[in-house]
Amino acid sequence: MDPEHLHQGGRDHSDSESSDSSHDEHEATPSISPPQMGSIGEAGSNIVAAAGSTATGTCGAKKRRLTSYVWEHFQKVENFIDKHGISQGKRAVCNYCGSDFSCNSNHGTGSTGRHFKNIHKKDLEEGRLGSSGPSGGLSKFKYSKPKMREGLARYVAAAEQPFTFGDDIRFEYFVKNYLNPEFSKVSRNTTRSDCLGAFGKTRKEMITEIKKFDSTISFTSDMWSGINNLGYICVTAHYIDSSWILNKRIIAFRLMEHPHNANQIFQCISGVFREFEIVDKVFSITFDNHTANSAAIELFKVNMTNLRCQFFHMRCVCHIINLVVQDGLESIAPQIKNIRNALLFIATSGVRQQEFDALCKSYNVKPKRMKTDMKIRWNSTFLMLKSCRKHTDVITAFVNAKSNCSLTHSDWIIAFEFMKFLKVFYAATCALSGVRYPTSCLVLNHLYNISFTFNTYRTETNFVAACINMESKFKKYFKDMPKIFIVAAVMDPRIKLDAAQMLLDGISVNLMITLPSLTEVNSLLTNLYASYESKFASTTMATSVTSVPLPSTSSNDPSWSLISKKGKSASARSELVKYLEIERLTENNDLKNFDILDWWKKNERTFPILSIMARDVLTAPVSSVASESAFSAGKRVLDEKRSRLAPDILDCLLCLKDWEDARLGIQKRSAKDEFRDYFSDSDIDGDD
């Protein structure tokens, strides 16, 4: 016998009708099963072992366990179907390439052993076998330097690494010795060029994708000044795709030439629209309250005639809330200042922090690092106060004994009462700053909650001045309620027309203002739906109407013509009317995790035209936080070491990072954790 067919474990007996006819021969090659590959081999041998331990055959003989090393790399398939769809019976199939070989009882393992030894053994030893192959096992991984460079460029952009990352000798040593010996360093300039190439490639793919769907796109935009004292404008696109998933993409982070006036804003943003070929898909733009932004809106309306002007411009609701709360903070500035100074006194000295920790233990409270707020960010002030609730006594005792501060119990009482007052504004800011779920349908609810808080606190002694200032500014922005907030609320099956009117009436009573009546809202909805029906009725009819086909008749048969016309008139009742007649969802419908986009996805066929209208109004974000979040990344990329980064490279890096984060599904749903991480050890999640 050929020595090549010998095996250290003796003879391997495969399936046979009698134990005497089992002559499975084996190649004298040791088993190769690295730790990372072991599970595949074990899975294959376990399948065969399970089959081999069963008593079968006419003689009732048990199959003997397969001991050849080849079964770590092959699996027995009882009824193998080849590429032509023909059954080949029992075959041994390679885990790596899907090749099949005979494994009848009178054949040994010579052919399978030679295949593995000649084709796969070296690749397995050198770690070049990887992802799942066509047979469900492993396929041969081929190292590609161009693919490696593209992947490295995407990682550098997404992880905010310097271009020199791939040129580091320590990184090269790690990859060559532990991942792939064929790797070689990638220079700074090469990585820079690869990032631009990946950016251009992904942008083309995005343009092609956007062209395919019929829905409109909403935008947010804001301006930022970098460490290099140059101004930049960020443009973020929001759209709901064909699967009813809300997407957010930063499509431009451009240098803004001086002066930063309305014309410059219009020219820059409209240029981005043309580059991405989306001029005819623009639904709305959400800006902050800067005067230049409002002036730019008029330029858009004049020069882009296809815009739906009644919904086109939205002011950032979170910016308005910030302005409102800042007015209120002025009324309790002395109490807040005392608390802020006390925390600064503790936090700015390591010795005092240690003494404070010791005092905390004597008061039987947990020692903690004291942190202060940012005066210009009111939500950090809210969290600062919330973080002090369990340490008021120890903070007061420590700072009054160690400093000239005069912190009193009444300071804490007023501050905590105001913190409770601010809770409704904080909840609204967190909810309305979301980017991965619709926010336009939530505005009425939060505006009602804020108006209810004003109505509750305006007669309290410590809140009279705060409420007067805050209410005045709140009314300034919302006495003329943006129509999109009303329409979006009606498109929420939890709210619809009746509840939307209840919210409007409640806000009117609480703030003593006049908001649209039921008749006005109904007229608004009817007119808006009519515009969508006139535009989309013909395109949705063929795909949405699934009527039973009429019997085959001649084209001039009057009876069937009459029936056909009657059928059309019976369905003339508008989708809007049908939708409003459906019972509104209530708490009995398990609304805790309600997904409004999923509801519309399931009912898209029922309301083909109305769903297009719902998609548009639900896409529009009510906050520009999505664009502002890019500035945090901008600060990390355009830092002191990279302050001379070219504008086109900064645009490339920040857009590519956002696109990669979206591809990996790691974009944040909202910005509510921005300061929560800062106060993460401060027990801010407990009860008020």
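The sulfur of C94 lies 3.7 Å from the closest cysteine sulfur, that of C97, which is too far for a bond. A disulfide is taken here as a pair of cysteine sulfur atoms within 2.5 Å. Across the whole structure, 0 disulfides are found. C655 is also in no disulfide, with the nearest cysteine sulfur, in C234, 7.3 Å away. C94 counts as buried, at 1% relative accessibility. C655 counts as buried at 0%. Buried means under 20% relative accessible area, exposed over 50%, and partly exposed in between (1.4 Å probe, protein chains only).

The model is predicted: local features need pLDDT of at least 70, side-chain atom pairs count only at pLDDT 80 or more, and totals for chains, interfaces and linings use all residues. Residues are numbered from 1 along each chain as its sequence is written, and side-chain values use heavy atoms, with hydrogens and water left out.

C234 belongs to one face of strand β7, together with Y232, T236, H238 and I240. G231, I233, V235, A237 and Y239 point the other way. In β7 (residues 231-240), 10 of the 10 residues are buried, so the strand is largely enclosed by the rest of the structure. Helices (H or I, at least four residues) and strands (E, at least two) are DSSP runs, numbered from the N terminus.

Strand β7 has antiparallel partners in β6 (residues 217-225), over 8 bridges, and in β8 (residues 246-256), over 10 bridges. Two strands pair if DSSP finds at least two bridges between them. C234 is the bridge partner of D222. G231 stands opposite M256 in β8. β6 and β7 form a hairpin with 5 residues between them, and N229 in the turn has a positive phi of about 65°. The hairpin of β7 and β8 also has 5 residues between its strands, with W244 in the turn at a positive phi of about 60°. R615 lies over the face of W244, at 4.2 Å from the ring centre. For such a contact, NZ of Lys or CZ of Arg is within 6 Å of the ring centre and within 35 degrees of the ring normal.

The search also finds 39 aromatic pairs. Rings of Phe, Tyr and Trp (its six-membered ring) pair if their centres lie within 6.5 Å; planes under 30 degrees apart count as stacked, over 60 as edge-to-face and the rest as tilted. F418 and F421 are 3 residues apart in helix α14 (residues 409-432), about one helical turn. F418 is buried at 0% relative accessibility. The rings of F418 and F463 are stacked, with centres 6.0 Å apart and planes at 10°.
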